[in-house]
Amino acid sequence: MGAFSVFRETVRAYAPYLRYCLRVTVAGLAAFAIVRSLNFPLHGLWAVLTAIVVSQVSVGGSLRATIEYNIGTLGGAVYAAAVGLAIPHTGPVSQAVALAVAVAPMAVAAAINPAFRVAPFSAVLVLLIGGELGESPIASAITRVLEVAIGGAVAVVVSLLVFPERAHGLGRDAACRILNQMADLLPKFLAGVSRDVDAVHIALAQNRLGDAVTKFQGLAEEAKRERIVSIVHDPDPAPLARTLLRIRHDLVILSRATVEPVPDAVGRRLDPSLKQFSDHAAAFLRGAAAALADRGAPPPIAPTEAARSAYQIEIASIRNDGLERDLAAPDVERLFALGFGLEQLCRDFADLAQRVSENVPGGRAVTRS
C-alpha cells in the first residue's frame, strides 16, 4: 500500500474528529470576530469560550448544550446581580459574604437541575470580574448574558453549516453496532446451558453492552432536540432506545439463567434447540442492523419464533420423560427464567421489527418475507 493510500485511509478513519475540530475552530473564530466588532470587554472572552464549550459532535448536542448553558448563565447572572445590589462588596470581607450568598443557592440549583451547572460560575463572574472592570452588577450581568447568547448562537449555526453531524445519523450507526454486539453475545449466553462459560468475560461483555445502550439513549435525546432545527422529519429515536434497553434486559435475564450448566441429561437435550434459537436470533439482530443502516425492511421474525416453539416442545418432552424431577431447585428456577427470557426476547424482537420499519422512507411498517 502506497503512502498516499495510507494517508487517505488515516484521514478517512479520523474524519469525524477532524470535522469536529474544524467546527470548534470556526465557532471560536466567528464568535471572536462578532464580539470584537461590538467592542465587548476582555475581547469578548466569554462569547468565544461559550462557542467552544457548547460546540458538540452533533447538531442536537450543540443545541442541548447551548440551551442548558444559556439557562444556567441567565439564572446565575440575574441572581448575582440582585445579590450585588443588595450587599455592598467593596472590601474582602463583604466580597466573601456576597460571594457565599450568591454561590450557595446556585450550587443547590445545579445539584437539583443539571441545566444550572454553570450558574455558580456565572455568579462568580458577575460579582468579581464585573467589579474589577468597574461595571455595576446589572451591567456585568447583561454583558455576561449577551456574550453567552452570542457564543451559543454561533455554535449552533456553525454546527448546522460546517460539515454538520446529525445526532439521528450518529444514533442509527450506534444502534447498528449495538445490535451486532447483541448478536455476538447471545450465542455465548445460551451456550452456558450445556457447558461452562467464562463468567468474568460475560460480565464484562454485559457492562460494555450496557454502556453502549446508555450512550445511545443520550444520542436519542440529542436527536429529539435536533428536530427543532431540522427540516428533515426523521422518526423519533426514543422508541428504538426503549426497545434496545428492553432487549438488553432480556439478555441479562438469559445470561443469569445460563451462568451455570444444568445436568448433562437435560443439557444435551436442550442444546440443539437452543443452538437453533441462538442462530436465528443472532441472524435477526444482524439483519435488523443491516436494515437500519440501509433504511430497508426488517428481517422476518418467524424463524426465531419457530425456534422458541421447538425449545418449548423439548422442555415439555423433558417433563414427560420425568427428567425435571431429578433437577435441583436452582436448576428448575434457571430453566424457568430461561424460558421466560426467550419469550420476552421474541416479543421485543417484534417491537424491534416495528422500530426498524419506521426508518423505511415513508415510515411503512413492512417486513421481509
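Which residues line the largest pocket? Leu170, Asp173, Ala174, Arg177, Ile178, Gln181, Arg208, Asp211, Ala212, Lys215 and Leu219 do.

Good morning. This is a predicted model, in which local features need pLDDT of at least 70 and side-chain atom pairs count only at pLDDT 80 or more, while totals for chains, interfaces and linings use all residues. Residues are numbered from 1 along each chain as its sequence is written, and side-chain values use heavy atoms, with hydrogens and water left out.

I begin with the pockets. Rolling a probe the size of a water molecule over the atoms shows where empty space is left. On a 1 Å grid over the protein atoms alone, a pocket is an open set of points where a 1.4 Å probe fits, with protein on both sides within 12 Å along at least five of seven lines; lining residues have an atom within 4 Å of a point.

The largest pocket holds about 290 Å³ of space, a volume being the space filled by probe spheres set on the grid points, which are joined across faces, edges and corners. Helices H8 (167-190) and H9 (199-226) each supply at least two residues of its lining; helices here are DSSP runs (H or I, at least four residues), numbered from the N terminus. H8 provides the largest share, six residues. By class, this lining has five nonpolar, one polar and five charged residues. Ala, Val, Leu, Ile, Met, Phe, Trp, Tyr, Cys and Pro count as nonpolar, Asp, Glu, Lys and Arg as charged, and the others, Gly among them, as polar.

The second largest pocket holds about 210 Å³. Its lining includes Arg308, Tyr311 and Phe336, and H13 (329-357) gives the most, with six residues.

I now return to H8 and its packing. H8 and H10 (residues 238-257) pack at an angle of about 15°, with their axes 10 Å apart. Axes are lines fitted to C-alpha atoms, for helices over the stretch in contact, and angles run from 0 to 180 degrees between N-to-C directions. The angle makes H8 roughly parallel to H10, a term for angles under 35 degrees, whereas angles over 145 count as roughly antiparallel.

How far apart are the axes of H8 and H11 (residues 264-294)? They lie 8 Å apart, at an angle of about 175°. H8 and H11 are therefore roughly antiparallel to each other. Their contact has 17 nonpolar, two polar and three charged residues.

Note on methods:
Angles under 35 degrees count as roughly parallel, over 145 as roughly antiparallel, 65 to 115 as roughly perpendicular and the rest as oblique.
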